[in-house]
Amino acid sequence: MSTYIHNFLAYKELLKELVRRDIKIKYRRSFLGILWSVLNPLGMMIIMTIVFSSVFRANIENFPVYLMCGQVIFNFYNEASNMAMSSILGNASLIKKVYVPKYFFPMSKVCSCCVNLLTSFIALMIVVVVTGTKISWTILFFLIPILYVFVFSLGMGLLLSALVVSFRDLQHLYGILITGWLYLTPIFYPVEILPGWVRTIVELNPLTNIITILRGMVMYGTLSEPMLHIKCIIACILAMAAGLYVFYKQQDTFILKV
């Protein structure tokens, strides 16, 4: 363990540089730059509110804020896991030339996406103010669900980045999986309208619990019941354990396969 801590501290400046590079590349030659991290979720919220409000609004109070809370969490996970998955393959030339802690590559992708997540939260606050949503003291704890989704995404990113080196078709399969995951996450519909077996699947979705906690803090002035937090912590631990284990087992073969 001390070796890993020493390596992390020794190469921490490289991690910072990788995060800076990812952010610069994403917004290179863009006139509005990182402001798109605020405008994109706002634009999608407006479109989806218009499309779905007539279907679900009768069952959901303050639909725009409800929708935005789900979008912020799911969009981060989607972007972070996809970028992390391709991080090892995308840095093949660097991996073959010099030694660096290989987990830095998926970690840098998730960290750069986290910057976008925090700016997306600004968009959420704009929607809260515009819709006249009562702001409660519980919103001060918004970093808790953000921490949950960050750790969960990092664990999944490590897992996917290691597996895709040996199984390239995973990139295409994951695209199908994430689409299904989107519809099994209560972003634009209430869980209560689902039939029994589908509802069970949705409630087992780790992102469902994280979104529910964020909505409680933003919309209802609650910190959610302890069991919900325990479920999130368990999901984070399992994702990180699986990701670290598979990544550790596979990392020595990366140079031969990338």
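This is a predicted model: local features need pLDDT of at least 70, side-chain atom pairs count only at pLDDT 80 or more; totals for chains, interfaces and linings use all residues.
## Basis of the model

Local features require pLDDT of at least 70 and side-chain atom pairs count only at pLDDT 80 or more, while totals for chains, interfaces and linings use all residues. Residues are numbered from 1 along each chain as its sequence is written, and side-chain values use heavy atoms, with hydrogens and water left out.

## Overall architecture

The chain contains 13 helices and 0 strands (DSSP runs numbered from the N terminus: helices are H or I of at least four residues, strands E of at least two). Of its 258 residues, 49% are buried (buried is under 20% relative accessible area, exposed over 50%, partly exposed in between, with a 1.4 Å probe and protein chains only).

## Helix packing and a buried serine

The axes of α8 and α12 (residues 226-250) come within 8 Å and cross at roughly 25° (axes are lines fitted to C-alpha atoms, for helices over the stretch in contact, with angles from 0 to 180 degrees between N-to-C directions). The two helices are therefore roughly parallel, a term for angles under 35 degrees.

Ser 81 lies in helix α4 (residues 63-85) and is buried because its relative accessibility is 0%. Ser 81 and Leu 154 are separated by 73 residues in sequence, yet their C-alpha atoms are 7.4 Å apart.

Phe 141 belongs to the loop between α7 (104-130) and α8 (143-166). With a relative accessible area of 35%, Phe 141 is partly exposed.

Notes
Angles under 35 degrees count as roughly parallel, over 145 as roughly antiparallel, 65 to 115 as roughly perpendicular and the rest as oblique.
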